[in-house]
Amino acid sequence: MARDGDINEPTREFPEYPTGESLRARSDVPSDPRPAGPASPGAPARGLLWVLGAAALAVVVLLGVQATGLLPDFRNPFAKEQTDRSQPPLLKSIRDLSRYVAAEGNFQVVVDVQKDRRNVPDFLLNERTLFVGAGRIEAYVDFAKIADGAVVVSDDGKSVEIKLPAPQLGETDLDMDKSYVFAEQRGLINRLNDLVGGDPNRQQQVYQLAEDRITAAARDSGLTARAEENTRKMLEGLLRSLGYEKVTVTYTAT
């Protein structure tokens with residue numbers, strides 16, 4: 001097929017051949033960058049491990065330096081402190097004792113004391129304390145009170161008779177480690193009074209009442225009778241070991 005020499009159009013058999021200008025234009029067009037691939041999944045984990053390792057190393061180094069004493073001691077500036085400004089004990093007296101403690105009783109008492117006013121509501125003026133008191137009391141024989149002629153030995157030296165003063169009860173010792181306030185109720189006026197000044201001896205009255213109750217219970221418990229029996233057994237064993245065959249112990253009435 002003949003072609004016209006004046007017509008220069010590209011065909012399928014004869015495509016257009018790029019000229020110098022078209023090549024220059026193509027080179028001026030920037031090429032699209034290739035999309036970056038996904039990051040490696042192990043990179044964040046390795047970074048976190050490096051940070052933790054560096055922090056652990058810093059702590060170990062700091063503790064090591066502090067153990068050597070090169071750094072000052074770091075203390076809590078808000079730590080709780082206790083200051084003891086008590087005065088040294090003062091010895092007031094010394095007393096020689098000649099007591100033989102023959103028995104001891106341990107007691108527990110529940111004290112329920114209420115103080116209120118007539119025709120006044122309890123929520124205004126009321127004071128009720130439930131106190132559990134634990135204490136002990138001793139029964140003893142005072143050998144210093146043995147009168148002259150209280151010890152009589154038989155002519156053959158085989159028997160002895162001793163007259164002792166009757167056992168008596170000591171002072172009640174309230175154990176504050178085992179005693180406690182179980183419950184307490186106070187009216188509004190009582191609470192306001194505590195804020196203003198209060199009564200520092202209020203609890204002392206409850207303690208004294210508990211001691212009185214324990215002392216009364218000890219008198220009725222047969223503690224002195226147990227002290228008589230224990231003292232008699234002690235003297236019989238002691239004097240028989242000295243060669244006396246018969247030992248008689250009696251008590252004088254108080």
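User: Is Tyr100 buried, partly exposed or exposed?

Analyst: Buried means under 20% relative accessible area, exposed over 50%, and partly exposed in between, with a 1.4 Å probe and protein chains only. Tyr100 has 24% relative accessibility, so Tyr100 counts as partly exposed. This is a predicted model: local features need pLDDT of at least 70, side-chain atom pairs count only at pLDDT 80 or more, and totals for chains, interfaces and linings use all residues. Residues are numbered from 1 along each chain as its sequence is written, and side-chain values use heavy atoms, leaving out hydrogens and water.

User: How many aromatic pairs does a search of the whole structure find?

Analyst: Rings of Phe, Tyr and Trp (its six-membered ring) pair if their centres lie within 6.5 Å; planes under 30 degrees apart count as stacked, over 60 as edge-to-face, the rest as tilted. The search finds two pairs. Tyr100 and Phe143 have ring centres 6.2 Å apart and planes at 5°, so this pair is stacked. Helices (H or I, at least four residues) and strands (E, at least two) are DSSP runs, numbered from the N terminus. Tyr100 lies in strand 1 (residues 99-116), and Phe143 in the loop between strand 2 (126-142) and strand 3 (151-153), 43 residues apart. Phe143, at 29% relative accessibility, counts as partly exposed.

User: How are the rings of Phe131 and Tyr207 arranged, and what are their distance and angle?

Analyst: Their centres are 5.3 Å apart and their planes at 50°, so the pair is tilted. Phe131 is in strand 2 and Tyr207 in helix 4 (residues 202-219), so the pair ties together parts 76 residues apart in sequence. Phe131 is at 1% relative accessibility and counts as buried.

User: Which residues of helix 5 are buried?

Analyst: Leu223, Ala227, Thr231, Leu235 and Leu239 are. The arc is taken from the directions from the helix axis to the C-beta atoms. Down the axis of helix 5, the buried residues fall within an arc of 120°, so they line one face. The face turned away from the buried side carries the exposed residues Arg226 and Lys233.
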